[in-house]
Amino acid sequence: MPANKKLLILPGDGIGPEVMQEVTGILEFLDRRNIATFDTSEGLVGGASIEAEGVPITPEVVARAKGSDAVLFGAVGGPQWDKLGFDCRPELAILTLRRELGLFANLRPATVLDALIDASTLKPDIVRGLDIMIVRESTGGIYFGEPRGIETMADGQQRGINTEVYTTSEIERVARVAFDLARQRQGRVCSVEKANVMESGLLWRQVVTALGARDYPDVALSHMYADNCAMQLVRNPRQFDVIVTGNLFGDILSDLASMCTGSLGMLPSATLGAPDESGRRLALYEPIHGSAPDIAGKGIANPLAQTFSLAMLLRYSFDMTEEAAMIEAACRSVLEQGLRTGDIMQPGMTRVTTNEMGAAVRAALERLAA
Ligand code: IPM
Ligand code: MG
């Protein structure tokens, strides 16, 4: 019998542990119904790790993540740790995992479910059926470029420095992920940079263009400056299929795209590394909503993004397409029943807590698996 897949669960801070608990309930369901059993373990990250271990992530947790078939991540950060230096902030946990595991392709879907069309701040006609995939480079660019730091100059002023830097191979491998995804979708890639002002952006455009012409002539490639892309995402988001962009622009544009859908609380993400010789590829899955300290501990957070993240994990890392689809269908069905957490509440719907939403998803799963 093949060994169970190793799954590392890192709930983190704020609403992370609350929403993760609902997902743990789904893992128990899969196990109890003999659908799937995983070799799961938990670890501390972010503020939780700072409190217990003095650092945002320990080498032991990084090593366990490297040895896992997939990592399910909650969220990190909170106001109590905001004053710490960059070398020990909670956010360093996710940045370290991306960097140490070589997770360079951050996939951030922005899809609008029909049941939630009124939750968007954009008009229903603009967002109906929206289905964008942002592929954000996540181990390079200005997040990691050297030199960086704050230095004191001769005149006593201080100067803060960060460096945007991309190499040919970094650009190529993330663009490849985008082109491959486009082939399974509508066959269109829009590459986003600021080639009009930045050398790194100009190289980005040249490399993506050459790769597209050489290996993906069947995929329609377009280019857009990042500022225009922000504008187009609000003006007419459905023009996009796959967007590929660098770390910083991807950070900003993915928040923007997610808001077109109406709720950050709904969206999952995957961050993938390169496949090794055996085809195994390290991967981390996380909701994009963050730790939401303002609502943490109140039991009102939306657990659906974490739940969709589990579905993405099953699909991309474990090839469990049917189980992933079943979990997604369960989430859609509770929304169709009119259940809503506060973040997606609409007139005439029933407001539920985190636990109630999780329980409703599990009840829907029981029905779907019957
Ligand atoms: C994200 C977050 C992170 C980032 C933070 C928490 C470091 O905003 O995943 O988008 O900037 O990448
Ligand atoms: Mg962000």
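Predicted model: local features only at pLDDT ≥ 70, side-chain atom pairs only at ≥ 80, totals over all residues.
Searching the whole structure gives 21 salt bridges.

Take Arg214 and Glu172 to begin with. Their side chains form a salt bridge, with an N to O distance of 3.7 Å. Arg214 sits in helix H7, residues 199–215, and Glu172 sits in helix H6, residues 168–184, so this pair ties together parts 42 residues apart in sequence. As for accessibility, Glu172 is partly exposed, at 23% relative accessibility.

Asp215 belongs to helix H7 and Arg176 to helix H6, so here the parts tied together are 39 residues apart in sequence. Asp215 has 30% relative accessibility and counts as partly exposed. Arg176 has a relative accessible area of 29% and is also partly exposed.

Now to another pair, Arg315 and Glu328. What is the distance between the closest N and O atoms in the salt bridge of Arg315 with Glu328? The value is 2.8 Å. Arg315 is in helix H10, residues 304–316, while Glu328 is in helix H11, residues 321–336; the two are 13 residues apart, and the pair links distant parts of the chain.

Is Glu328 buried or exposed? Glu328 is buried, because its relative accessible area is 15% and the cut-off for buried is under 20%.

Methods. Residues numbered from 1 in each chain as written. Chains lettered and ligands numbered in written order. Heavy atoms only, no water. Salt bridge = Lys/Arg side-chain N within 4 Å of Asp/Glu carboxyl O. Helix = DSSP H or I, 4+ residues; strand = E, 2+ residues; numbered from the N terminus. Buried < 20%, exposed > 50% of the residue type's maximum accessible area, 1.4 Å probe, protein only.
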